[in-house]
Protein chains: 2
Amino acid sequence: MKAGTDIAQIGSLVGDPARANMLAALMGGTALTASELALEAGVTSPTASTHLAKLVDGGLVRVKRQGRHRYYALADESVAGMLETIMGVAATLGPKRVLPGPGDKALREARLCYDHLAGEAGVAMLESFVDRGFVRLDRETAALSPAGSRFFADFGIDIEAMSHKRRPVCRICLDWSVRRWHLAGGLGAAILEHMMRAGWVRREKDSRILRFTPAGRREFDLFLHQ
Amino acid sequence: MKAGTDIAQIGSLVGDPARANMLAALMGGTALTASELALEAGVTSPTASTHLAKLVDGGLVRVKRQGRHRYYALADESVAGMLETIMGVAATLGPKRVLPGPGDKALREARLCYDHLAGEAGVAMLESFVDRGFVRLDRETAALSPAGSRFFADFGIDIEAMSHKRRPVCRICLDWSVRRWHLAGGLGAAILEHMMRAGWVRREKDSRILRFTPAGRREFDLFLHQ
DNA sequence: TTCATAGTTTGATATTAATCGAACTATTCT
DNA sequence: AGAATAGTTCGATTAATATCAAACTATGAA
């Protein structure tokens, strides 16, 4: 069967522990260098190099040279979405579930998914936008309403400029921890960027976990309920 | 990292060509015996047997004994959704795309996704339900409106009984061919069952392709636009 | 009971691919 | 230019696993 070979190719890329760890690290959204990824995966740089070459060749990862560094990142939002989905399946129906560690609660609460907010907080945020009519989840992925455009423009996000980019403004992504959606796309990324810059959340070192500062939590709640 | 090992486990299950072909075959929704799957994957029965054991052990596939046969099926709708997502990534960003064969157009048009309708037809159907207010895509996956309940009850689907089952009535699933959603869940399955029984579509032999009969196409269009 | 079919288990083989040290290229810093 | 750092390529080794033939178990049919 043709369909089989296609998914096998991707599966085998994801199926190696070293590569899987690299991909998981890249879910954090920031581009990482080859050596950082080697460390993350627990392998030497030569091995990391071959793995990265395979990931790039397979289209899951893209690389950008910058001086003597090479920054690796997930190729695409859709790759991030796929990895989230796989994590979701692993979380629900793994036979011998990895026992939920202390970090798991925080991960479920708020985390990075590529470059936007995921977890309870991300799901709550999208829900609030939908409730207030800013985002409509009808047909084709998701759409920003006129009211939403105004709201986010007031908030300081340049929707106009964003809508001229190739990347879609609104996209949604299935959350593995909760089985709901959160907001991705250009808008999702811009909002998270704002949250980081305003100091609402801080990224935990070497992890995808996002921690709200006390003041940030209040601001965020206001942002959702005003 | 913990997250990595989880996804690696699933990845490696999907990553073997023989297993991937089996999974692809099981996307057709009908449970298949070990020998049928061996044939599908192009391996002997002992090999198939070990592969199937791994898939079951990994939680991706479940098995039901029936006399001297063992019927294998995907464990869960979420597994089917994951496979669709992987296919989607393979389709969009594969470096050397497998050239689209003659079957691909038909696949994109209408196909089985586990036990419900996918492809252009599936996407159009969900879109129509949303437009007419039968299904609301707000928060948590998707919800059936009162009007929708009446509509489907008139259509001959016992929503009342369905809502008491464990399986959610409405769920949506990302379509790999079109990048939109189609309807899954108990309702999605029931509608397809109706379509099959009423002879609107016929399943192509040994494939996921669904072909509309001329009359069936008319009925279906009516169903969407009445 | 006997035969046939469905499927698994065992054991041996072969292939694949992950791994690392060492050598090599390229870029930056002094 | 020379030294240091980032990263890749090469070659050899090792570990994992897919594969099948043959033997075995279980169910159904004659």
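Domain bounds come from an automatic or database domain assignment. This is a predicted model, in which local features need pLDDT of at least 70, side-chain atom pairs count only at pLDDT 80 or more, and totals for chains, interfaces and linings use all residues. Residues are numbered from 1 along each chain as its sequence is written, chains are lettered from A and ligands numbered from 1 in the order in which they are written, and side-chain values use heavy atoms, with hydrogens and water left out.

**Exercise 1. The domains of chain A**

Task: Find the domains of chain A and state the separation of their centres.

Solution: 
- Step 1. Domain 1 of chain A covers 2–75, and domain 2 covers 78–225.
- Step 2. Taken over C-alpha atoms, their centres are 24 Å apart.
- Step 3. Domain 1 of chain A brings 12 residues to the contact, and domain 2 of chain A brings 12 residues. Contact means heavy atoms within 4.5 Å.

**Exercise 2. The sheet of chain A**

Task: Work out the strand order of the three-stranded open sheet in chain A, then find its edges.

Solution: 
- Step 1. Learn the terms. Helices (H or I, at least four residues) and strands (E, at least two) are DSSP runs, numbered from the N terminus. Two strands pair if DSSP finds at least two bridges between them.
- Step 2. The order in chain A is S1-S3-S2, with antiparallel pairing.
- Step 3. The edges are S1 (32–33) and S2 (61–66) of chain A; each has a single partner strand, so one side of each has no neighbour in the sheet.
- Step 4. Count the bridges. S1(A) and S3(A) are paired over two bridges. S2(A) and S3(A), residues 69–74, are joined by six.
- Step 5. A:Thr33 has A:Tyr71 in S3(A) as its bridge partner. A:Arg62 has A:Ala73. A:Val63 is opposite A:Tyr72.
- Step 6. Look at the turn. Two residues lie between the strands in the hairpin of S2(A) and S3(A), where A:Gly67 has a positive phi near 65°.

**Exercise 3. The sheet of chain B and B:Thr33**

Task: Describe the open sheet of chain B, then decide: is B:Thr33 buried or exposed?

Solution: 
- Step 1. Three strands of chain B follow the order S1-S3-S2, and the pairing is antiparallel. S1 and S2 (61–66) of chain B are the edge strands, pairing on one side only.
- Step 2. S2(B) and S3(B) share six bridges. B:Gln66 has B:His69 in S3(B) as its bridge partner.
- Step 3. Apply the cut-offs: buried means under 20% relative accessible area, exposed over 50%, and partly exposed in between (1.4 Å probe, protein chains only). B:Thr33 has 7%, so B:Thr33 is buried.
- Step 4. Residues up to four places away in sequence are not counted here; B:Thr33 touches B:His69, B:Arg70, B:Tyr71 and B:Tyr72.

**Exercise 4. A:Asp76 and the two Tyr114 residues**

Task: Locate A:Asp76 and A:Tyr114, then examine the phi of A:Tyr114.

Solution: 
- Step 1. A:Asp76 is in the loop between S3 and helix H5 (77–93) of chain A. With a relative accessible area of 28%, A:Asp76 is partly exposed.
- Step 2. The side chain of A:Asp76 comes to 3.1 Å from the backbone nitrogen of A:Ser78.
- Step 3. A:Asp76 and A:Tyr114 are 38 residues apart in sequence, and their C-alpha atoms are 9.1 Å apart.
- Step 4. A:Tyr114 sits in the loop between S4 (111–113) and S5 (116–118) of chain A. A:Tyr114 is buried at 10%.
- Step 5. Most residues other than glycine have a negative phi. A:Tyr114 has a positive phi, near 70°.
- Step 6. Turn to chain B. B:Tyr114 has a positive phi near 70°, and B:Tyr114 is buried at 10%.

**Exercise 5. The surface near DNA strand C**

Task: Which residues come nearest to DNA strand C, and which element gives the most to the surface near DNA strand C?

Solution: 
- Step 1. A residue is near a strand if one of its heavy atoms lies within 4 Å of it. Of the 22 residues around DNA strand C, A:His51, A:Lys54, B:Ser35, B:Ser49 and B:Tyr72 come nearest.
- Step 2. H4(A) gives the most, with four residues.
- Step 3. A side-chain N or O atom of A:Thr47 is 2.8 Å from a phosphate oxygen of DNA strand C.

Definitions and conventions: A polar contact is a pair of N or O atoms within 3.5 Å; within protein, one must be able to donate a hydrogen and the other to accept it, and residues adjacent in sequence count only if both atoms are side-chain atoms.
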